[in-house]
Amino acid sequence: MADPSHAELARVVRDHAGRLAATLVRVTGDFATAEDLVQDAVLAALEHWPAEGIPERPDGWLFTVARRRGLDVLRREDTYRTKLAQLQWPVPPDPDERLRLIFTCCHPALPQDARIALTLRVVCGLTTAQIARAFLAPETTVAQRITRAKQKITKAGIPYRIPDPDELGARLTEVLAVIYLLFNEGYLSTAERAQSRDLVDDAEWLAALLHRLMPTEPEVAGLLALVRLHRARAKARFDPAGDLVLLQDQDRTLWDHETIAEATRLLTRAALHKQPGPYQLQAAIVACHAEAPRWADTDWEQIVLLYDMLLHLAPSPVTRLHRAIALRYTADARAAMTELDTLADSLDQYHLYHATRAELLRELGHPDQARAADRRALALTANPAEQAVLRQRITWP
Amino acid sequence: MRYVLLFVDTEPFAADLQAMEPVERERAYARVGEWMATNRNKIRGGSKLQPPETATTVRLDRGDPVVTDGPFVEGKEVVSGYTEIEVADLDEALRMVQTWPGCPVVEIRPIES
């Protein structure tokens with residue numbers, strides 16, 4: 001296959017890099033070395049495959065490169081070298097070891113930005129340069145973050161294992177947080193990053209992988225459903241000019257209704273476990289929007305109820321803000337505004353707080369105050385698509 | 001892996017301990033003693049330290065050695081003791097520390113091997 005597309009390359013690397021990393025960690029017993037070898041192999045693949053085409057067995061190709069490189073760099077470390085030398089392709093199939101990889105990358109003893117970078121590099125096979133581009137960060141910063149994290153894993157004895165049942169809940173929460181952050185980072189970004197690797201793809205792939213490896217964890221299913229429900233509306237989120245279209249103005253025929261139905265079924269199955277959690281509830285809220293044929297058909301009563309449950313499990317001012325937005329439809333703008341006023345202190349630096357206030361002020365007949373609130377929101381967001389919407393509102397008559 | 005657990009006192013914690021009835025304080029110490037006993041097969045040594053006002057610091061990076069009274073960092077959080085442990089990995093150390101009944105902050109630092 002000649003001249004593989006950007007997306008095809010990303011997909012193939014993602015499917016194999018993590019597995020190879022897991023195998024090499026097992027064989028060499030050294031996370032940092034294994035990770036370096038995989039990264040070298042990925043870089044070699046990205047150099048050769050675009051011109052030569054993706055090989056028939058990309059996993060074998062990556063393995064061969066990593067092994068050769070490993071025998072080279074491990075010259076002085078006899079035990080690893082011997083183990084690696086004995087390893088022949090194809091490696092005997094093992095139960096998927098990537099779960100351990102994920103738990104190590106998302107260990108709470110690592111700083112959060114390092115967890116994200118490490119997960120992308122080790123589990124998804126991104127290069128340091130790709131991560132840097134996706135996060136608009138200097139490559140040296142990302143490289144340093146990864147180096148430090150790997151040193152900590154080795155020196156502080158962060159284990160390569162799946163947490164015991166009694167720690168699993170808390171540790172899984174950390175993993176889900178990394179995937180969700182990754183998703184948000186990709187989802188909220190706009191055309192200017194279109195050239196970089198799509199983090200939303202990686203987030204969905206990670207959530208799907210985790211769901212496959214932990215099929216009975218309802219929150220994993222909840223996160224996967226949440227990501228898929230958001231993605232199902234992707235086509236309607238930007239107009240042909242690349243400007244953000246707000247939910248109420250979106251052309252709902254552009255939504256991927258098949259994906260919405262599938263994600264909703266996934267969520268319903270997860271609910272059978274009767275262990276509601278923040279991701280299931282957020283997915284249920286998005287499902288309420290996704291299932292409404294028109295904006296006017298939105299089941300706001302249900303949405304307020306789901307927000308109440310979410311606040312009970314995970315109290316947060318941002319969630320209260322979203323609940324207040326729903327209140328505008330179940331009660332009225334005045335009720336929503338009263339609720340919003342209680343959030344003034346905690347959300348003063350959050351652009352959506354001011355943007356929401358602006359909308360309510362406009363509805364309550366205070367256009368000047370509304371414009372001031374929009375200006376405040378504009379000053380607080382760095383997202384160009386959101387800035388465009390706000391600018392437009394400020395210049396309204 | 002070997003680690004040192006650095007036990008860190010905070011001002012409110014010290015004040016609480018001070019305000020306790022003697023019996024209550026005895027109980028608090030007993031809980032720490034129990035924790036030590038429970039984990040004794042992982043503990044390789046360590047000590048409670050005298051309070052920070054007993055510390056003396058020597059600085060050797062400014063020409064002649066400079067001797068000053070007090071700990072090397074003046075702060076509201078002070079190291080009040082340490083324990084060396086030997087466990088499989090960081091997760092085991094974390095598990096151990098999570099049941100620590102004494103001071104409110106514990107730093108886990110691997111020992112260079």
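This is a predicted model: local features need pLDDT of at least 70, side-chain atom pairs count only at pLDDT 80 or more; totals for chains, interfaces and linings use all residues.
A residue counts as buried if 20 or more other C-beta atoms lie within 10 Å of its own, as exposed if 12 or fewer do, and as partly exposed in between, with C-beta atoms placed from the backbone. Residues are numbered from 1 along each chain as its sequence is written, and chains are lettered from A and ligands numbered from 1 in the order in which they are written.

**Chain A overall**

- Chain A has 20 helices and zero strands; here helices (H or I, at least four residues) and strands (E, at least two) are DSSP runs, numbered from the N terminus.
- The radius of gyration of chain A is 23 Å, close to the 21 Å that the globule rule gives for 397 residues, so chain A is as compact as a globular protein of that length. This radius is taken over C-alpha atoms, and the globule rule is 2.2 Å times the number of residues to the power 0.38.
- Along its principal axes, the C-alpha trace of chain A spans about 75 × 45 × 40 Å.
- Chain A is divided into domain 1 (1–94) and domain 2 (299–397), with bounds that come from an automatic or database domain assignment. The C-alpha centres of these two domains of chain A lie 49 Å apart.
- Among contacts in chain A between residues at least 6 apart in sequence, 62% join residues at least 24 apart; a contact means that the C-beta atoms of two residues, placed from the backbone, lie within 7 Å.

**Loop residues of chain A**

- A:Ala156 sits in the loop between helix 8 (139–155) and helix 9 (165–187) of chain A, and is partly exposed, with 18 other C-beta atoms within 10 Å.
- Leaving aside neighbours within four places in sequence, A:Ala156 is in contact with A:Ala109, B:Leu90 and B:Pro110.
- Most residues other than glycine have a negative phi. A:Leu136 has a positive phi near 50 degrees; A:Leu136 lies in the loop between helix 7 (128–134) and helix 8 of chain A and is exposed, with 12 other C-beta atoms within 10 Å.
- A:Lys274 also has a positive phi, near 55 degrees. A:Lys274 belongs to the loop between helix 13 (257–271) and helix 14 (278–291) of chain A, and is exposed, with 7 other C-beta atoms within 10 Å.

**Chain B overall**

- Chain B has three helices and six strands, and from the N terminus on its elements run β-α-α-β-β-β-β-α-β.
- The C-alpha atoms of chain B fill a box of roughly 45 × 40 × 20 Å, taken along the principal axes.
- Residues 24 or more positions apart account for 74% of the contacts in chain B with a separation of 6 or more.

**The sheet of chain B**

- Four strands of chain B form an open sheet in the order 2-5-1-6, with antiparallel pairing; two strands pair if DSSP finds at least two bridges between them.
- Strand 2 (43–48) and strand 6 (105–110) of chain B stand at the edges, each with a single partner strand, so one side of each is left without a neighbour in the sheet.
- Neighbouring strands of this sheet are turned by 20 degrees against each other on average, direction ignored.
- Strand 2 and strand 5 (residues 78–86) of chain B pair in the antiparallel sense over five bridges. B:Gly46 has B:Thr83 as its bridge partner in strand 5, and B:Ile43 has B:Ile85.
- Of the six residues of strand 2 of chain B, the number buried is zero, so strand 2 lies largely in the open.

**Hairpin and helices of chain B**

- Strand 3 (residues 56–59) and strand 4 (residues 66–69) of chain B pair in the antiparallel sense over four bridges, and B:Thr57 has B:Thr68 as its partner in strand 4.
- This hairpin of chain B has six residues between strand 3 and strand 4, and B:Gly63 takes a positive phi near 75 degrees there.
- Helix 3 (residues 90–97) of chain B lies across strand 1 (2–9), strand 5 and strand 6, running at about 160 degrees to strand 6. Axes are lines fitted to C-alpha atoms, for helices over the stretch in contact, and angles run from 0 to 180 degrees between N-to-C directions.
- Of the 17 residues of helix 2 of chain B, the number buried is zero, so helix 2 lies largely in the open.
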